[in-house]
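Biologist: Please take a close look at a single helix-helix contact in this model, and at the parts of the chain that bear on its description. I would like one connected account, with the criteria stated.

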Amino acid sequence: MNWNFAPFNGLYYVAWGIAIAIILGIYFIFRNKSEKTKTVFMVSFCSFIVALFFVYKCFLSVDKQYLTTYDVPLERFNWFNELPFQLCNINMFIIAIAVLTKKRGLLGFAFFLAPLGATMALLNPERGFNGYSILMPRMWGFYGTHLLIVVAGISVATLGFYRPKFKDFPTIFITFFGVAIFAHIINLVFVKTGICKEANYFFTMNPSSVGILKMFRSWIDLPFLYLLPAIAILGVYMGVVTLPFHVVAKVNKNIEQQEAEEIKEENKETINV
């Protein structure tokens, strides 16, 4: 059997199938559990992803083939460039914090950005993670952590911690800017002090190899600010995802109001009799 793993090959679809099965499994196992039990599970689940992330990075730090692929000598591997501050993996922490604090801005950020960021990474993996055997630590580490982040982000909704609403958008955008500014400050500190001159969390410094970000940089040739057009795309994405929830909530509200009116009418008839 061919164990090489790449976007849109057989193993790739199998991996997504497993992720969907895990989402459904989590839902059916915990749907009738208490909120406390769900919270403990989500925090534990995110802690597991964090542990897996750092195990995978440890393997990556001594992976000579990976380092050769990128023309980076083994002694130049820099942990400060591998910290979980990217759009996808920072959600390992944000999801846990969000379910503990119940802050809708954080919950919305986790729900919208965790699956989006992780899926973008899975659709456009860097060359060191494309076409190699899934049995290699860096391959199962990269794809495993990102798929589990997708699972965690969607489970925020399926377990009932969050239902998206249009009125949440301002706080979500504020949260997004806050996290992005935090990442940019980290980048500036690492670059200016020489701790890590390649630091580029959230791609605030440069677009790297991401095609659409390169286009944005051609429009606005300034670090961080060149990402502003992405906010419009994020808004459209959030709107498309929120619309079905909005429609369902409105239909349920109308049904509840109709049932309440019917009960009220029945009570009136009983009193008159």
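Modeller: The axes of helix 5 (residues 104-123) and helix 7 (residues 169-193) approach within 8 Å and cross at roughly 75°. Axes here are lines fitted to C-alpha atoms, for helices over the stretch in contact, with angles from 0 to 180 degrees between N-to-C directions; helices are DSSP runs of H or I with at least four residues, numbered from the N terminus. Helix 5 is therefore roughly perpendicular to helix 7, a label for angles of 65 to 115 degrees. The model is predicted, so local features need pLDDT of at least 70 and side-chain atom pairs pLDDT 80 or more, whereas totals for chains, interfaces and linings use all residues. Residues are numbered from 1 along each chain as its sequence is written, and side-chain values use heavy atoms, without hydrogens or water.

On the helix 5 side, the contact (heavy atoms within 4.5 Å) is formed by Gly105, Leu106, Gly108, Phe109, Phe112 and Leu113, which meet Phe169, Thr171, Ile172, Thr175, Phe176 and Val179 of helix 7. By class, this contact has eight nonpolar, four polar and no charged residues; Ala, Val, Leu, Ile, Met, Phe, Trp, Tyr, Cys and Pro count as nonpolar, Asp, Glu, Lys and Arg as charged, and the others, Gly among them, as polar.

Helix 7 has 25 residues and spans 36 Å from its first C-alpha to its last, close to the 36 Å expected, that is, 1.5 Å times one less than its number of residues. Its buried residues (under 20% relative accessible area, 1.4 Å probe, protein chains only) include Phe169, Ile172, Thr175, Phe176 and Val179, and also Ala183, Asn187 and Phe190. In general, an α-helix has 3.6 residues a turn, so residues three or four places apart point the same way. Just after helix 7, glycine 194 adopts a positive phi of about 80°.

Elsewhere, methionine 139 lies in helix 6 (residues 137-158) and is buried, at 0% relative accessibility. Leaving aside residues up to four places away in sequence, methionine 139 touches Phe5, Gly128, Phe129, Asn130, Gly131, Tyr132, Ser133, Ile134 and Gly144.

The structure holds zero disulfides, defined as pairs of cysteine sulfur atoms within 2.5 Å. For cysteine 58, the nearest cysteine sulfur, that of cysteine 196, is 17 Å away. The sulfur of cysteine 88 is 13 Å from the closest cysteine sulfur, in cysteine 46, too far for a bond; cysteine 88 is buried, at 8% relative accessibility.

Methods: Helix = DSSP H or I, 4+ residues; strand = E, 2+ residues; numbered from the N terminus. Parallel < 35°, antiparallel > 145°, perpendicular 65-115°, else oblique. Buried < 20%, exposed > 50% of the residue type's maximum accessible area, 1.4 Å probe, protein only.
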